[in-house]
Amino acid sequence: MSRKTRTVRTLFAAALLACAAASTTAVSAAPAVKPAAVTAHVSSHRDEAALTGSASAMVKHDAAITAPAAMQRHLPAEPGYSKNAEVEAKISPLSPVTPTSPITPAIDLPSIIPSQPAPGSSSTADAYAVRTDFGKSNLHKWSSVYGMDTPWDANDVTDTEHFKSSTVAFLDTLNTLAQSAGVSFVLTGGAEYGYHAHGTYSHENGYKVDISDSGIYAGTTAYRILLEALTPFKHHLSHEWNNNHYDITIYPADYTGSYSGADHDNSGDDE
């Protein structure tokens, strides 16, 4: 080998060594990068540690609140003091006050049972004043033969001709009040013979009248008018639910027996 050739090889080897040294320096200078999986794992451990620390802090906080010592620090240092006493002190002003005298309502509440007339009162005398007939402008008549608005002179079924004077007076009062209030009533039973039970104060003797209960019940104007018309009379009012009418007995002015006014008990009645 010639001298020139040896010189070239030497230079080439030196160049290779220089390149190798430069590569080694670059690799050692680059920062180390962790794999993604390793980074996630480390981050997870850090989060768990943070959560554990928070939970521990919460437990410590709850314990501090629920500890008797912590509670006692907020209470005044007074003998015999308790939370119950504090609560009682707060609600005691709200305790009901017992009145020293009876409480009277501002208004009188209405009753569905009409008051009974006092014996010998002027209202009773006026109510029982004899009429030759009763008004019919707001009264209608029904019979099983002629139906609604049976003629008033047709008395072979529903007899409205042979009422006692006390019953006539009541019907006249009822018609007058009904006319003023704009309501009407239907008579379904009168003084007819043979359709009702016998008795002294019975239908056939003219002391009783049946009035349809259609649209007439507690709370209606018609029911109020019916009770108002009955008030000055000695009477008995019974609601016969199964027959769809009110059975009304009007006793004479000189009647001294007992009468019950308005009720829903028809036991013992002359129907």
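Predicted model: local features only at pLDDT ≥ 70, side-chain atom pairs only at ≥ 80, totals over all residues.
Residues are numbered from 1 along each chain as its sequence is written. Local features need pLDDT of at least 70, side-chain atom pairs count only at pLDDT 80 or more, and totals for chains, interfaces and linings use all residues, while side-chain values use heavy atoms, without hydrogens and water.

Stop 1: Select Trp142, Thr188, Gly189, His196 and Asp210. Of the 17 lining residues of the largest pocket, these are the closest to its centre. A pocket is an open set of points on a 1 Å grid over the protein atoms alone, where a 1.4 Å probe fits, with protein on both sides within 12 Å along at least five of seven lines; lining residues have an atom within 4 Å of a point. The volume is about 320 Å³, taken as the space filled by probe spheres set on the points.

Now colour β1 (139-143), β3 (185-189) and β4 (208-212). Each supplies at least two lining residues. Strands are DSSP E runs of at least two residues, and helices are H or I runs of at least four, numbered from the N terminus.

**Stop 2: β4.** Two bridges join β4 to antiparallel β3; Gly189 partners Asp210. Five bridges join β4 to β6, also antiparallel. There, Lys208 partners Thr249. Strands pair if DSSP finds at least two bridges between them.

**Stop 3: the loops.** Go to Asp149, between β2 (147-148) and α6 (165-181). Its phi is positive, about 55 degrees, although Asp149 is not a glycine. Finish at Asn244, between β5 (235-240) and β6 (245-250). Asn244 is not a glycine either, yet has a positive phi of about 60 degrees.
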